[in-house]
Amino acid sequence: IAGGVNTGTVSNAKLLSGMFLVAEGQPYLIWRDEYAGDAGVTDLIQSGPRLVNGGRSMSGLERAKARPRTFIATDGGSKWVIGLVRSTSLGGLSDLLASPGIFPNLTVRRALNLDGGNSSAIWMIPQSGRDISEPGWSTVRNFIAVSPR
């Protein structure tokens with residue numbers, strides 16, 4: 001869902017286990033089984049797998065394929081992180097994000113893998129005004145954009 005326009009359906013694919021969505025102007029990181037439908041949702045992207053739940057790393061994630069990975073994480077309140085790790089496995093990223101003190105002033109309660117491999121990219125302009133980018137090597141059809149209100 002982008003700008004209130006629904007362009008797809010929720011997938012039951014095993015790896016697409018989570019969603020980042022905006023409803024009534026507020027961001028949420030939910031698991032697929034918590035999704036209650038499109039009412040009030042203005043933006044939604046489904047992805048996965050889950051990396052952290054309840055502050056704990058997820059078991060059963062692969063640990064052999066190190067590649068770039070993007071993720072989104074939250075403390076379950078008002079603090080969020082969107083990031084890129086240049087080379088790690090899903091299990092390694094899960095362990096990293098669940099590590100105490102990995103982010104100053106934020107304890108990760110939930111985290112979701114957004115992408116991995118050639119399409120993983122990030123671009124930002126911090127308050128310093130100097131843009132930072134880590135481009136991907138392939139075209140993607142969706143993305144998350146965050147801007148000040």
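Select strands β6 (residues 67–74) and β7 (80–88): they run antiparallel and are joined by seven bridges. Strands here are DSSP runs of E with at least two residues, helices are runs of H or I with at least four residues, and both are numbered from the N terminus; two strands pair if DSSP finds at least two bridges between them. Within this pair, Arg69 stands opposite Val85 in β7.

This is a predicted model in which local features need pLDDT of at least 70 and side-chain atom pairs count only at pLDDT 80 or more, while totals for chains, interfaces and linings use all residues. Residues are numbered from 1 along each chain as its sequence is written, and side-chain values use heavy atoms, with hydrogens and water left out.

Next, select Thr70, which belongs to β6. Is Thr70 buried or exposed? Thr70 counts as buried because its relative accessibility is 7% (buried is under 20% relative accessible area, exposed over 50%, partly exposed in between, with a 1.4 Å probe and protein chains only). Apart from residues up to four places away in sequence, Thr70 touches Gly83, Leu84, Leu112, Asn113, Leu114, Asp115, Ser120 and Ala121; contact means heavy atoms within 4.5 Å.

Now widen the selection to the open sheet, whose five strands follow the order β5-β4-β8-β6-β7 with antiparallel pairing. The edges are held by β5 (56–57) and β7, each with a single partner strand, so one side of each has no neighbour in the sheet.

Move to β1 (residues 18–23) and β2 (residues 26–31), an antiparallel pair with six bridges. The two form a hairpin with two residues between them, and Glu24 in the turn has a positive phi of about 50°. Met19 stands opposite Ile30 in β2.

Finally, select Leu21 in β1. At 6% relative accessibility, Leu21 is classed as buried. Beyond its neighbours within four places in sequence, its contacts are Gln26, Pro27, Tyr28, Ile30, Tyr35, Val41, Asp43 and Leu44. The C-alpha atom of Leu21 is separated by 9.7 Å from that of Ala2, 19 residues apart along the chain.
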